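Please look at the sequence and the structure first, and then read the sections in order.

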Amino acid sequence: GSRLASIDFPVPGGPIISTLCPPLTQQQLKRLENRAQRDDGWFAMTLQLIVFGIFSLIMFTLMIVVMIFGATWLRAWMSGARVTFMELIALKLRAIPVRTMVDTRIILVKSGFNVSVDDLSTHHLAGGDVHMVMQGLLKAKEKNIDLSFDQACALDLQDKGIQKKRD
């Protein structure tokens, strides 16, 4: 019968794999050793390309986000009415006018009202006019009337309801 020999194959960057095969000549063993030792770097190169591709995609995405929202974010940051890039992206995804929300927040924060982007966007999505609420808050502050953001929003939405009933 034929007898089997155990041959160890080193895998580049991995374990040595043993396999059973028919006995090989010295020339065949030498050829196998040369192939195993000749690491052409295919796997390592492919892995590098994959990692580089993922990194490039992430950097490209960040560059696009900064190009779209960078000026708005910087304007809010410089005025002290900070907003995050995630808030800006969320506004854009909900089809809310980003610049209007940020400009309104800047004016309200500068006037002493602590209003978040979420508060403004919630009012906008409810059908309210954030610019009108901002003007109402500023007028109330001017005339020393104690009016909170929530009260101003309720008045704005109530006014919208009355106008709809008239039409």
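Accessible areas in this report come from the Shrake-Rupley method with a 1.4 Å probe.

## Overall composition

The structure is a predicted model. The protein exposes about 12,300 Å², and 62% of this area is supplied by carbon and sulfur atoms. Of its 167 residues, 23% count as buried.

Seven helices and two strands are present in the protein. Read from the N terminus, the order of the elements is β-β-α-α-α-α-α-α-α. Among contacts with a separation of 6 or more, 43% are accounted for by residues 24 or more positions apart.

## The largest nonpolar core

The largest nonpolar core holds 26 residues, of which Leu108, Leu120, Leu137 and Phe149 touch the most other members. At least two residues of this core come from each of the following: H2, helix H3 (85–93), helix H4 (98–110), helix H5 (117–125), helix H6 (130–142) and helix H7 (149–166).

Which residues does Leu120 touch, not counting those up to four places away in sequence? They are Met101, Thr104, Arg105, Leu108, Val115, Val130 and Phe149. Two of the residues named here, Leu108 and Phe149, also belong to the group of core residues that touch the most other members.

## Ser121 in helix H5

Ser121 is placed in helix H5. Is Ser121 buried or exposed? Ser121 has a relative accessible area of 1%, and it is therefore buried, since buried means under 20%.

With its neighbours within four places in sequence left aside, Ser121 is in contact with Leu91, Arg94, Ile96 and Met101. Met101 is also among the residues that Leu120 touches.

## The aromatic cluster

Two aromatic pairs are found in the structure. In one of them, the rings of Trp73 and Trp77 have their centres 6.0 Å apart and their planes at 10°, so this pair is stacked; planes under 30 degrees apart count as stacked. Trp73 and Trp77 are four residues apart in helix H2, and therefore about one helical turn separates them. Trp73 counts as partly exposed, at 27% relative accessibility, and Trp77 is also partly exposed, with a relative accessible area of 37%.

Trp73 takes part in a pair with Phe85 as well: the ring centres are 5.4 Å apart and the planes stand at 20°, so that pair is stacked. Because Trp73 lies in helix H2 and Phe85 in helix H3, the pair ties together parts that are 12 residues apart in sequence. Phe85 has a relative accessible area of 25% and is partly exposed. Through these ring pairs, Trp73, Trp77 and Phe85 are linked into a cluster.

## A nonpolar patch on the surface

Which residues form a nonpolar patch on the surface? The patch consists of Ile50, Phe52, Ile54, Phe55, Ile58, Met59 and Leu62, which together have about 710 Å² of accessible area.

One of these residues, Leu62, lies in helix H2 (residues 42–79). Leu62 has a relative accessible area of 46% and is partly exposed. Helix H2 thus holds Leu62, and it also holds Trp73 and Trp77.

Terms used
Residues numbered from 1 in each chain as written. Predicted model: local features only at pLDDT ≥ 70, side-chain atom pairs only at ≥ 80, totals over all residues. Heavy atoms only, no water. Patch = residues over 30% accessible without salt bridge, like charges linked within 9 Å, V, L, I, M, F, W, Y side chains within 5 Å. Salt bridge = Lys/Arg side-chain N within 4 Å of Asp/Glu carboxyl O. Buried < 20%, exposed > 50% of the residue type's maximum accessible area, 1.4 Å probe, protein only. Contact = heavy atoms within 4.5 Å. Core = buried A, V, L, I, M, F, W, Y, C linked by side-chain atoms within 4.5 Å. Phe/Tyr/Trp six-rings, centres within 6.5 Å; stacked < 30°, edge-to-face > 60°.
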